[in-house]
Amino acid sequence: MKNQLTIKNAKLHGQDQLVYIAIDQGMIRHISTHTDVEASETIDAQGALVIPPFVQSHVHLDSALTVGEPRENVSGTLYEGIEIWAQRQKQITREDVLARALKTIKWHVGQGTLLIRSHVDISDPSLTAVKALLEVKEKVAPYVTLQLMAFPQEGIMDYPQALELMEEAVKMGVDGVGGTPHLEFTREEGIASINRVFDLAEKYDCFVDIHCDETDDEQSRFLEHVALQAYRRGYGPRTTAGHTTAMHSYNHAYADKVLNLAQRANLHFVANPLSNISLMGRFDSYPKRRGITRVKEIIERGLNISLGHDNVMDPFYGMGMASMLQVANMCLHVCQMTGIDEMRQIFDMITLNGAKTLQVKDAYGIEEGKPANLVVLDAHDEVDALRRMPAVTKVISLGKVVAATEPVRTRLSLGNNEEVIDYRK
Ligand code: FE2
């Protein structure tokens with residue numbers, strides 16, 4: 001009997017000895033330093049790092065790839081982005097969303113991301129984007145886990161249909177509900193919006209994933225109420241607070257208090273360093289705040305925090321190519337997490353921590369008996385991967401190679417010498 005696939009000379013996290021990973025019927029059967037079982041296909045990793053797939057914890061597939069439509073964001077600000085998106089959103093069709101979302105997912109897969117949580121705007125009464133992304137979810141299910149969160153871009157309290165639309169989206173099959181309490185008109189309405197989101201989530205037993213305090217306003221204190229609701233309702237493990245950038249500006253005593261509560265609730269955090277380093281701090285002259293949540297402090301508390309790309313070439317953020325290594329690289333710099341252990345923690349944020357946020361940890365990881373979802377990176381360890389952001393040479397989903405990329409090599413011609421170099425130390 002032959003196995004389906006063997007990866008030989010694989011370097012696993014924290015191990016010096018290279019291993020064989022034997023895969024059959026889409027599952028990891030055996031991991032060992034030798035093998036005598038033949039396989040139909042063998043991949044020689046040549047000592048490269050083999051990891052479980054990257055996890056995208058926060059993206060907006062319904063707005064992805066709309067940059068410049070109907071016009072460019074001249075100021076580059078969040079507020080102009082919201083204005084442009086409101087116009088672009090009126091033009092969306094099923095085909096439009098399908099094409100852009102599928103293309104963006106292909107970019108993810110090509111770079112080793114096989115688990116994605118996407119928000120989807122429900123403020124369009126026809127729910128076109130929700131319907132289209134539910135189709136996408138089904139279409140990509142054989143190779144990508146896609147979770148969808150109903151996202152009320154226009155808020156809940158001043159948009160009377162928002163709750164009904166969110167409820168309809170949940171009935172149609174989205175996995176969770178969100179909110180934007182910091183965009184509600186008053187503190188009181190923001191609090192009320194959070195309560196309603198939790199009520200809805202409890203009714204349908206689905207995830208809560210709230211865009212929370214995405215502002216530099218140090219008075220934006222909705223995280224404490226999200227944490228309180230999660231704690232009181234025992235809903236923390238299914239609750240995610242996204243962005244929480246205001247925490248960057250909280251006084252330390254208050255930040256400490258709110259993190260204590262988050263610890264009691266045991267909720268998840270998601271930071272979005274690419275969009276937030278670009279969009280936050282826009283009211284500052286100098287010095288300019290970095291506009292990212294307190295990543296180190298969240299980790300120190302033993303709380304789970306993972307990373308999202310947030311926007312991929314849309315009116316809010318026109319850059320990006322759906323690379324989670326790029327997201328992690330930015331986080332490392334913005335949060336000054338350049339200590340050796342901190343860099344390893346950053347790598348966890350786009351892998352294991354993401355699986356925790358998405359609550360798929362049991363089926364995630366390179367272990368015997370788990371699904372054979374693996375990525376071969378052209379790197380010798382995690383820190384090397386964060387530095388060079390190298391090619392993901394093989395992406396394997398349920399034992400099948402679904403993407404392959406040639407590593408970058410440069411041919412130099414200096415004087416009479418010709419040589420091929422790469423950028424390893
Ligand atoms: Fe977002």
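1. Ground rules. Residues are numbered from 1 along each chain as its sequence is written, and side-chain values use heavy atoms, with hydrogens and water left out. As this is a predicted model, local features need pLDDT of at least 70 and side-chain atom pairs count only at pLDDT 80 or more, while totals for chains, interfaces and linings use all residues.

2. How much do the domains bury between them? About 1600 Å², with 75% of it on carbon and sulfur atoms. Buried area here is the accessible area (1.4 Å probe) that two parts lose on being put together, summed over both. On the domain 1 side, Val383, Leu386 and Met389 lose the most area to domain 2, together 34% of what that side buries.

3. Who touches whom. Contact (heavy atoms within 4.5 Å) involves 23 residues of domain 1 and 22 residues of domain 2. Across this interface there are zero salt bridges, a salt bridge being a side-chain nitrogen of Lys or Arg within 4 Å of a carboxyl oxygen of Asp or Glu. Two residue pairs do make polar contact there, both at pLDDT 80 or more. For a polar contact, a pair of N or O atoms must lie within 3.5 Å; within protein, one must be able to donate a hydrogen and the other to accept it, and residues adjacent in sequence count only if both atoms are side-chain atoms.

4. What builds the domain 1 face. Strands S14 (374-377), S15 (392-397) and S16 (400-404) and helix H13 (382-388) each supply at least two residues to it, and H13 gives the most, with five. Helices (H or I, at least four residues) and strands (E, at least two) are DSSP runs, numbered from the N terminus.

5. The structure holds 25 salt bridges. In one of them, the side chains of Arg117 and Asp209 meet at 2.8 Å, N to O. Arg117 is in strand S7 (residues 113-121) and Asp209 in strand S10 (residues 207-212), so the pair ties together parts 92 residues apart in sequence. Arg117, at 0% relative accessibility, is buried, and Asp209, at 1%, is buried too. The cut-offs are under 20% relative accessible area for buried, over 50% for exposed, and partly exposed in between (1.4 Å probe, protein chains only).

6. Further out. Asp205 and Arg238 form a salt bridge at 2.6 Å, N to O, from loops 33 residues apart. Asp205 is exposed at 52%, whereas Arg238 is partly exposed at 25%. Another salt bridge joins Glu342 and Lys296, with the closest N and O atoms 3.4 Å apart; Glu342 is in helix H11 (residues 340-349) and Lys296 in helix H9 (residues 295-300), 46 residues apart. Also look at Glu69, Arg88, Asp96 and Arg100, which are linked in a network of salt bridges.

7. Asn311: buried or exposed? Buried, with a relative accessible area of 4%. Asn311 sits in the loop between strand S13 (304-307) and helix H10 (324-334), and its side chain makes a 2.9 Å polar contact with that of Asp314. Leaving out residues up to four places away in sequence, Asn311 touches His60, Ser275, Phe316, Tyr317 and Met319.
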